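Dear colleague,

I am handing over the structure we spoke of, with notes on what was found in it. Please read the notes with the structure open beside them.

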Amino acid sequence: MHTILILKTWLNKILSGAAALLLAFMSLLAVYQVFMRYVLKNPSTMSEDILSYSFVWLSLIATALVFGERDHMNLTFFLDKGSPYVKLLLSLISEILVMIIAFVVFIVGGKKFMNVGAIQVSPTLGITMDMVYLILPVTGVLIILFNIINIAELVKDFKLKEGK
């Protein structure tokens, strides 16, 4: 169990650091873009595309982080009314449903996007779009990994509360 906590901490630090670096990069790029457009009157189309793709990557990295912390939006009406066993059961069902959705949407769907993106080229950057779409299956794997960690934590916490 200690290994799972280390893994979760390690993943959180890496993803938080990546998100912070990406946000800092985007901020600098936005300042550059504004300077080029309004001061030098020579807008950079390349920076606009990089900002768009970076925003998508940042959003999906943050999505994985939110699922890792179990901090996503949820309705707790039934959870609050139930016994510890019902709370565990509903939490496990929630984690499993998220895992299934992450697999189908992010991993399977992301691979399909990557296949299509492999034949599309970004006109301003000159890269194939599969590099942009790579974040989809990566996010799916991260969410599923966090789901597995969350399930292990839920079971451990339940056993501790029940004295087992």
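At what angle do helix α4 and α6 pack, and how far apart are their axes? This is a predicted model, in which local features need pLDDT of at least 70 and side-chain atom pairs count only at pLDDT 80 or more, while totals for chains, interfaces and linings use all residues. Residues are numbered from 1 along each chain as its sequence is written, and side-chain values use heavy atoms, with hydrogens and water left out.

Helix α4 (residues 84-117) packs against α6 at about 170 degrees, with the two axes 8 Å apart; axes are lines fitted to C-alpha atoms, for helices over the stretch in contact, and angles run from 0 to 180 degrees between N-to-C directions. Helices here are DSSP runs (H or I, at least four residues), numbered from the N terminus.

Helix α1 (residues 2-39) reaches 55 Å from its first C-alpha to its last, close to the 56 Å expected at 1.5 Å a residue, a span taken as 1.5 Å times one less than the number of residues. Its buried residues (under 20% relative accessible area, 1.4 Å probe, protein chains only), including Leu15 and Leu22, pack against α2 and α6.

Leu15 also belongs to the largest nonpolar core, which has 24 residues and in which Leu15, Ile61, Phe106 and Ile143 have the most contacts; such a core is a set of buried Ala, Val, Leu, Ile, Met, Phe, Trp, Tyr and Cys residues joined through side-chain atoms within 4.5 Å. Two or more residues of this core come from each of α1, α2, α4 and α6.

Finally, Lys41, in the loop between α1 and α2, has a positive phi near 55 degrees although it is not a glycine. Lys41 counts as exposed at 63% relative accessibility (over 50%).

With best wishes

Key: Contact means heavy atoms within 4.5 Å.
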